[in-house]
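This report describes how side chains meet in one protein structure. It takes up charged pairs, then aromatic rings, and then the nonpolar cores.

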Amino acid sequence: MGPGPLRGRSEQMRRALEVLRRVARSGQGAVVVVSGEAGIGKTALLDAISEQAARMGFAVGVGRAEESSRIAPMAALLTAVRSGRSPLLSEATFNDLGPLYDRELWLIDRLAAALEERAARSAILVVVDDVHWADELTVFALRVLPARMAGSPVVWVLASRSTTRGITDVARRDMPVETVVLGPLSDGAIEQIAIDQLGDAPSHQMRALLSGAAGSPFLAVELLAGLVAERKSPAADSDSGLPSQLIIGVRNVLAPLPAEAVNLVRVGSILGQCFTADDAAALLDGSAERLVLPSLELLERAGVLDDDGQTLTFRHDLLRQAVYEDVPATVRKAMHRAAARHLNRAGRSPVDAAAHVLLSAEPGDAEAVAVLRRAAAQVAVITPSMAVELIRAAFALLTPADPRWMEVGQETVAILAQARQARAAVLVADELLARNPGTEASAQIEGLLTTPLWTMGLLHELRERTEKSLTQHDLSDRARAQLMAQRALACSRDEDLAAGRESGQATLAEAVRLGDPTAQVTALWALGEIERNDGYNEAALEHFQRLRLLTGAPYSADEILTLQLLDRYDTSADQIAQAERDVSEQGASAPRSVLAFARMWQDYSLGRLDDAEADALTVLRLGEELNDYAFLTEARLVLSRIAQLRGDPKATKEQLELAEAIPRADDGTCAVMLLFMRAWLAESEGDLAGALEPARQVVHETLSLRHRCRWEASWMVEAARIAHRSADHALAGDVAAMARTLAQRNPQVLTAVGTSQHIDGILADDPDTLGRAVEALGGGPRPLLLADALSDHGQALLRDGQRDQAVAALDQAGGILLGLGARGEIRRLQGLLRSLGTRRRWITSPTRPVEGWGALTDAERRVAHLIAEGHTNKSAAAELYLSANTVATHLRAVFNKLSVTSRIQLVKIVPPDA
């Protein structure tokens, strides 16, 4: 029996068609979520939507997730882009994605760019059915891609039994999300289905039996098939929650068929929604020609299987599940074991075999453990969360008495660490250590915890564990060197960094002597952190450069940040640009959030506030997409500071509140940054007492917390100003000492030298010292620091009676601030002048509007023009020497300011000569 026309879903179909029309008309993307229980008609509705979309001129791609291939990365989505007679992506474009499966972010970026180019030719419909079975990479892609492509005419239709697993959380802020919930069909609709299937109205008896379908169209069709076959069967138990009537109906469909055909269907239900004749024949212990091919025509006529010449496919996954559930549980388990053995021995991917191993493995099964380990290693880079499930399953099959238990346990810790499941990694490691695995094994396990404990900010625990391990007397030289390097890293934020430096240098020398790359990497990492946290930035740079060369990495975020601390912004800009080119052209696996973070501090330090704002928003967006909280507090800090410079206290306070809500590590650095923000906010509001307390906490508490943030120049100047105005001489002295120390350790860095002089000049109210600060900072690259020093210099000159020189200094400060768009600082400067009895007005351009073309920044205008000319995000990024993520952030701002929702609308309103 065929599926027949769609019945009882006119309202749902109307809503879906309205989304298609709106997208075709406006060019803004949209998401349609179809949800409902198994057999309720989701697939039928999706088929009808796809058919109508094709008639409307949409390019259509349809994919379906399958339970049996849940660990196959991106299977459902990649199927969608290559399905049908006219696939969304050409074969060449699709093949270009192949080498990228081990770099998930790059794969998604390339897929987005390819779909964006395709959407420029016509609207697109991407359908993914059974999202509840989707693998983790597909879920991640479906969570990220719709929002990234919100300005393109792409409709995403996602069907799931219950939930979309948070997929639409990101998309809702950028595009319409239509939710269609399918409930049971009415009795009239069920009767119409019966007429479609039978060619006549059902009898009274048939109506009574159909009432047992409870409004499920799939179940109604299967019951009708069973009734037509005029067979009866007792109710079946189901351990998956399938209705017993469904199992009865499917059993009745199969009952008239020969035993060979039924056996083939049962084997197929074990193999999955799609399977090959050869695999089925192998499980049936025969050849495809003898055991499979003779049954295919019968199964196709019965509406059970489809044959496309390469694979056999169940007409509906519920049909497969019903057959599967009708196989006794013990037989199912044995068949899964046989399937795993066949796939493994046939040389197929361990991921294919692992799906069956998870359902059949017995404790101690050596072959099952081997398959799961290989599968976990294969998907660890692509989908770390799936790798965790696989390796945990392998570990669970073993007992501590098994000789493989310790080795697999260590692999489990390593994969948990790679998946950023830091706490779980520590728990498994402790389980291993509790078994006293021996000195060397214990040292290896502790080494696996270096990154997890660092990530959680648990440096004290890292130090305690490492020092405990070092008390063992029978350590090998290599194990001792690795542990010493870990200890140095654990001490990299301690109050006494001299001891950590000495230990790290000795450890590095020993690691080089031993030729141990692991110990060398950790020791260089530790020494770089120690030197930078102690203000020795030139030495830190040398260590980070050596680390990059040792690991063969194309770039180093630590190296870039340290270059910025050394005022080498041209070199850091070159490295950022090169890293972004590597990402764009070669698929380098550089974390996007790290690059956006480095660019954010680059632009902020150089006074490019508009660009820094876009960078910070990119950091936040990427952090949300990746669930990565590492840089979010600093992004909020930059946004808060920019809002303050622009004279927007409300936005300044909002950014502080948002920063306080970010999940934080335990190392204290995020807490210090929050104190920065509170002090800045209170001072800008005139609350000197409210600013003093957080300033005291930062300065005094950071004496025992060593981190690069404590040396931030603008913060030290602000702390000194707060201390001076509050007559807190102890605080003032501490801040001045910190600044002086940084200048002494970086005598060639004009920012450090000028900042120290600036602070000394504030505290002494000495125009000459402030003049030297202006001279030093004027030779440096940071205009905000120069404007601040000029402002203080001008005020000191006024108080000293040198009015002409004061006016010249204040004029210069105002001009810099005006050029940077720091209107809040200009108003503040004017207020200070009034309080000193002097008035000075600067010629200012009109305040930038909040909407319309005039609201766009220069960068946003450039992006708008390129997009209007037909560029994709990727090609626009290449033109502007930006990342595609930064272009996406600018484009989002353009849409908001111009009140448009798509590229099509943008083309119509971009001024040709603006």
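In this predicted model, R465 has a relative accessibility of 12% and therefore counts as buried, the limit being under 20%. E446 has a relative accessibility of 8%, so this residue counts as buried too. The two residues form a salt bridge, with 3.0 Å between the closest N and O atoms. R465 belongs to helix α25 (residues 459–470) and E446 to helix α23 (residues 439–448), so the pair ties together parts that are 19 residues apart in sequence. A network of salt bridges with shared partners includes this pair: its members are D430, E446, E461 and R465.

## Further salt bridges

The count of salt bridges in the model comes to 51.

Another salt bridge brings together the side chains of E367 and R345, at 3.4 Å from N to O. E367 is in helix α19 (residues 366–379) and R345 in helix α17 (residues 329–345), and the two residues are 22 apart in the chain. How exposed is E367? Its relative accessibility is 26%, so E367 counts as partly exposed. R345, at 61% relative accessibility, counts as exposed because it passes the limit of 50%.

| Salt bridge | N to O distance |
|---|---|
| R465 and E446 | 3.0 Å |
| E367 and R345 | 3.4 Å |

## Aromatic rings

Aromatic pairs number 8 in this model. One of them is formed by F597 and F631, which are stacked, with 4.4 Å from centre to centre and 25° between the planes. F597 lies in helix α32 (residues 592–605), whereas F631 lies in the loop between α33 (609–626) and α34 (632–645), so the pair ties together parts that are 34 residues apart in sequence. Both F597 and F631 are buried. Elsewhere, ring pairs link F676, W680 and W715 into a cluster.

Two arginines are placed over aromatic rings. The charged end of R320 sits over the ring of Y324, 5.8 Å from its centre. R710 lies over the face of W711, at 4.5 Å from the ring centre.

## Nonpolar cores

In soluble globular proteins, nonpolar side chains tend to be buried together. In this model the largest nonpolar core has 92 residues. Which residues have the most contacts inside it? They are W601, Y604, F676, W715, M716, V735 and I759. Helix α36 (residues 669–684) supplies the largest share of this core, 10 residues. F676 and W715 also belong to the ring cluster mentioned above.

V735 touches V699, M716, A719, A720 and I759, leaving aside residues up to four places away in sequence. Another core, of 46 residues, lies apart from the largest one, and its members include A340, L397, L398 and I445.

Methods: Residues are numbered from 1 along each chain as its sequence is written. This is a predicted model: local features need pLDDT of at least 70, side-chain atom pairs count only at pLDDT 80 or more; totals for chains, interfaces and linings use all residues. Side-chain values use heavy atoms; hydrogens and water are left out. Rings of Phe, Tyr and Trp (its six-membered ring) pair if their centres lie within 6.5 Å; planes under 30 degrees apart count as stacked, over 60 as edge-to-face and the rest as tilted. Helices (H or I, at least four residues) and strands (E, at least two) are DSSP runs, numbered from the N terminus. Buried means under 20% relative accessible area, exposed over 50%, partly exposed in between (1.4 Å probe, protein chains only). A charge sits over a ring if NZ of Lys or CZ of Arg is within 6 Å of the ring centre and within 35 degrees of the ring normal. A nonpolar core is a set of buried Ala, Val, Leu, Ile, Met, Phe, Trp, Tyr and Cys residues joined through side-chain atoms within 4.5 Å. Contact means heavy atoms within 4.5 Å. A salt bridge is a side-chain nitrogen of Lys or Arg within 4 Å of a carboxyl oxygen of Asp or Glu.
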